[in-house]
Amino acid sequence: MIKVAITGADTSDSGELIRLLAMHPDVEIISAQAASLQGRSLASVHHGLIGETSLTFSAATDLSKCDVLFVGGNDMTGEELTRLRTDRPDLKIIMLDRIAGVDAERLDIVYGLPEINRKQLVRGATAAVVPASFASMALVSLFPFANSLLLNGDIDINISSPRPILESTDIDDVKDQIRQQLREVQRSFSGTINIRTSESQARRSALMDIEFDCTLSLQQMLDLYDIYDDHRFSFVTTSAVGVSEVAGTNKCVISVAKGDYGKCIMRVAADCRLRGGAGEAVHIMNLMCGLHEKTGLNLKAIDFDPVGNEGMA
């Protein structure tokens, strides 16, 4: 069994992670750290855990007893992470958020988007950071074009998302993540990432509309996504998609269309609590630990309503 510890375990993101790990067939949660809640049961703070775990929150974690550490709730400083990487180079560390003051390259921290960096994650990586949800959605959609050197102008992104997710997201950081990762793949990319946001009535999922110049035919654009044939959470379609296709799953579903005046138009759907959140974190752990990537993530879409009549997903 993979022995797992979680810091910052009192946050909603950590709660989502705990629910996934509590059901994971190859994981034992040995510590959920939240000093202010020491001694309280996890089930009394995070819903869905009654009958699934009797674990209580701890004030500290004995890292010598764990194989994987999930860092949540901004519960670690850059200095602490640097020291931990030196003291326990074998410990697999997965950060739910980026930590200020950390030199990711020097500490060999992988940008944890499996669609782009799966080889690194399965070939010995011991530290990774989970992308922001909106960055994950955009990059999964755009990576096949960047990989073929086809991004040659500005990219316009419109996001419709629940207010709590918008309020907890740094859009400038999302832009930086998208720009940096695209340039890692296509060094010639110099376009501007334009992002606009609006509030939706969805519960936890987002819709993203992406538009950029592209001279390919629709079929040629679809063919680019063959690169994901052996991936299990990214799917492309020409059908209309909505949040009910993804709510409660780690999927990223991309609907591609050919627009007027040589435009590529995409609509992307994902559950922001899982994709770019707890689901992506477990996906990263599975790859690092040599498990099938869907282990513990065989989740189904919930709250289904037809496209155009969605409000609670």
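Two residues are taken to be in contact when heavy atoms of theirs lie within 4.5 Å. In this predicted model, that criterion describes how helix H3 (residues 114-122) meets helix H8 (residues 278-288): Pro 114, Glu 115, Arg 118, Leu 121 and Val 122 on the H3 side face Glu 280, His 283, Ile 284, Leu 287 and Met 288 on the H8 side. By class, the residues of this contact comprise 6 nonpolar, 1 polar and 3 charged. The two helices pack at an angle of about 35 degrees, and their axes are 8 Å apart. The crossing of H3 and H8 is right-handed.

The model contains 4 aromatic pairs. One of them joins Phe 145 and Phe 212 edge-to-face, with 5.0 Å between centres and 80 degrees between planes. Because Phe 145 belongs to helix H4 (residues 133-147) and Phe 212 to strand S9 (residues 205-213), this pair ties together parts that are 67 residues apart in sequence. Phe 145 is buried, its relative accessible area being 0%, and Phe 212 is likewise counted as buried, at 2%.

Phe 145 also pairs edge-to-face with Tyr 225, at 6.1 Å centre to centre and 75 degrees between the planes. Here helix H4 is linked to the loop between helix H7 (218-224) and strand S10 (234-237), where Tyr 225 lies, 80 residues apart from Phe 145. Tyr 225 has a relative accessibility of 4% and therefore counts as buried, the cut-off being under 20%. Ring pairs join Phe 143, Phe 145, Phe 212, Tyr 225 and Tyr 228 into a cluster.

A ring also meets a charge: Lys 251 is placed over the face of Phe 235, 5.8 Å from the ring centre.

Definitions and conventions. Residues are numbered from 1 along each chain as its sequence is written. This is a predicted model: local features need pLDDT of at least 70, side-chain atom pairs count only at pLDDT 80 or more; totals for chains, interfaces and linings use all residues. Side-chain values use heavy atoms; hydrogens and water are left out. Axes are lines fitted to C-alpha atoms, for helices over the stretch in contact, and angles run from 0 to 180 degrees between N-to-C directions. Helices (H or I, at least four residues) and strands (E, at least two) are DSSP runs, numbered from the N terminus. A crossing is left-handed if the near helix is turned anticlockwise from the far one by less than a right angle, and right-handed if clockwise. Ala, Val, Leu, Ile, Met, Phe, Trp, Tyr, Cys and Pro count as nonpolar, Asp, Glu, Lys and Arg as charged, and the others, Gly among them, as polar. Rings of Phe, Tyr and Trp (its six-membered ring) pair if their centres lie within 6.5 Å; planes under 30 degrees apart count as stacked, over 60 as edge-to-face and the rest as tilted. Buried means under 20% relative accessible area, exposed over 50%, partly exposed in between (1.4 Å probe, protein chains only). A charge sits over a ring if NZ of Lys or CZ of Arg is within 6 Å of the ring centre and within 35 degrees of the ring normal.
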